[in-house]
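Thanks for coming. I'll talk about side-chain packing today, starting with aromatic rings and then turning to the nonpolar core. Please have a look at the model first.

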Amino acid sequence: MQNPGSTTPDRVGRFPAQARFADGAQYIAGRLRKGTSGRTHAVTDPATGEEVLSYELAGPDDVDAAVAAARAAFPAWAGATPGERSEALHRFAAVLADRAEDFARAESLQCGKPLKLTREFDVPGTIDNTAFFAGAARHLQGQSAGEYSGDHTSYVRREPLGVVGSIAPWNYPLQMAAWKILPAIAAGNTIVLKPAELTPLTSLLLAQAATEAGIPDGVINIVTGTGREAGEHLVGHPDIVMTSFTGSTAVGRRVAEIATATVKRLHLELGGKAPFVVFDDADLDAAVQGAVAGSLINTGQDCTAATRAYVQRPLYEAFVERTAALMETVRLGDPFAPGTDLGPLISHVHRDRVAAFVDRARAYARVVTGGEAPQGDLENGAYYLPTLVTGAAQDSEIVQSEIFGPVLVVLPFDSDDEGIALANDTPYGLAASAWSRDVYRANRATREIKAGCVWVNDHIPIISEMPHGGYKASGFGKDMSAYSFEEYTQIKHVMFDNTAVVRKEWHRTVFGDR
């Protein structure tokens, strides 16, 4: 049984959501307002089941108002110089740094993340990403002018698209909101973001911080509603020119279907089932530690989490034994307790979904450790023990499907060819890792594993300067980095006739004498 962390920390100082969002959970044209759907939703602390905030959901009218506000703000924001947008984003980063503790507490409260994780990872990563795009705003370049056709000079302009409609998930609500907002507005677009209705708090704080930093009203708008009502209306809105969505592959297909009807630009970051490939020359202790950290990050609710460990036969038994032992030392507890390593899943509904995957797997595989909800002080929360499964077949549900929980499946392999083939044998291709002391072996794995990111002797770290995005059913498009920035622009070819006379000869060639 895992060692539980303290469940009775001082609860004073938690984020006072009811007071902060008394005016509503929609942020449109620089103001909080109540939703008009006629229905309410409760944000719940997944560690306790207690209500954090009850708010009125957004309906189509709210989406229309947010899009109109973004459309009205677009000409002035797009017309600002890169330096002016950069200055605003630098101020934004400074406000976020000043409000870091508020963001960390709100994120922990709505998601169940350990406070030490939000303080050390989610919030600093968001501030760093803001600072990155503040700098990138001044480096959006076209192509230098040149004479590519006779007496004509050509060059390429990069221009903002217009109003972007984005949908963010509940697993990293602050970071995913930032990943969508920052490149869009740095490039001169305006945006309407729909966060998950389970976790709107930090997205709303982010928009308020932008206003405090001097980013004009209407540049960033937040509508908090259901995917079926607010989300689908946003994606299908005729004034939205680009849709960016992060979530499951199944919902991504629906987003693509709606967006196609109005020929929108699409950015999709979808599901993952990341392989963790351990070759027989790997540092076993490092691989075990990496597997536990990589599979349990954010309670396994991470598209890039290590979910399928393939271990070459000579190391397999020792890897299983040591990984199970290390998992059993992980401390579950209240997210606000200093000793907590692992918080709850996002909800009891999701916890039951994860448990059902494991329970079905008992018919064909072995649950080595975990596989149940903890009892005692934690039973009111959506907790699930870190779980290790062996003996499953490659084509089984638990190997092929995205579980999105603290579950790691371990399978053996013999040859390097087999290990790489197994790593590629799912529909997904978001992330992977390879563990080896041999640089040639590791390099082959990075070349042949079909994923948007392949770590070597590590699993999970990301940085603002490098892209994040997938292959295959994990979607297309990149978050973070200059690659992301460019996706929020359109390219225009401009051509000048340098002769300063009407080129009648060319006209005659096309149309004849008129």
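A word on terms before the count: rings of Phe, Tyr and Trp, with the six-membered ring used for Trp, are called a pair if their centres lie within 6.5 Å. Keep in mind that this is a predicted model. Searching the whole structure on that basis gives 9 aromatic pairs.

Take Phe121 and Tyr172. Their ring centres are 6.4 Å apart and their planes meet at 70°, so this pair is edge-to-face; the label applies to planes over 60 degrees apart. The two residues come from distant parts of the chain, 51 residues apart. Phe121 sits in helix α5, residues 115–136, while Tyr172 is in the loop between β7 and α6. Is each of them buried or exposed? Tyr172 is buried, at 5% relative accessible area. Phe121 is partly exposed, at 28%.

Elsewhere, ring pairs join Phe132, Phe133 and Phe485 into a cluster. There is also a charge over a ring: Arg360 lies over the face of Phe357, 5.0 Å from the ring centre.

In soluble globular proteins, nonpolar side chains tend to be buried together. Here the largest nonpolar core has 67 residues. Which element gives the most to this core? That is helix α6, residues 173–186, with 10 residues.

Among the residues with the most contacts inside the core are Leu89, Phe92 and Ile185. Leaving aside residues up to four places away in sequence, Leu89 touches Thr130, Phe133, Ala134, Ala137, Leu182, Ile185, Ala186 and Ile215. Phe133, from the ring cluster, is therefore on the list of Leu89 contacts as well.

That's the tour; questions are welcome.

Methods:
Residues are numbered from 1 along each chain as its sequence is written. This is a predicted model: local features need pLDDT of at least 70, side-chain atom pairs count only at pLDDT 80 or more; totals for chains, interfaces and linings use all residues. Side-chain values use heavy atoms; hydrogens and water are left out. A nonpolar core is a set of buried Ala, Val, Leu, Ile, Met, Phe, Trp, Tyr and Cys residues joined through side-chain atoms within 4.5 Å. Buried means under 20% relative accessible area, exposed over 50%, partly exposed in between (1.4 Å probe, protein chains only). Helices (H or I, at least four residues) and strands (E, at least two) are DSSP runs, numbered from the N terminus. Contact means heavy atoms within 4.5 Å. Rings of Phe, Tyr and Trp (its six-membered ring) pair if their centres lie within 6.5 Å; planes under 30 degrees apart count as stacked, over 60 as edge-to-face and the rest as tilted. A charge sits over a ring if NZ of Lys or CZ of Arg is within 6 Å of the ring centre and within 35 degrees of the ring normal.
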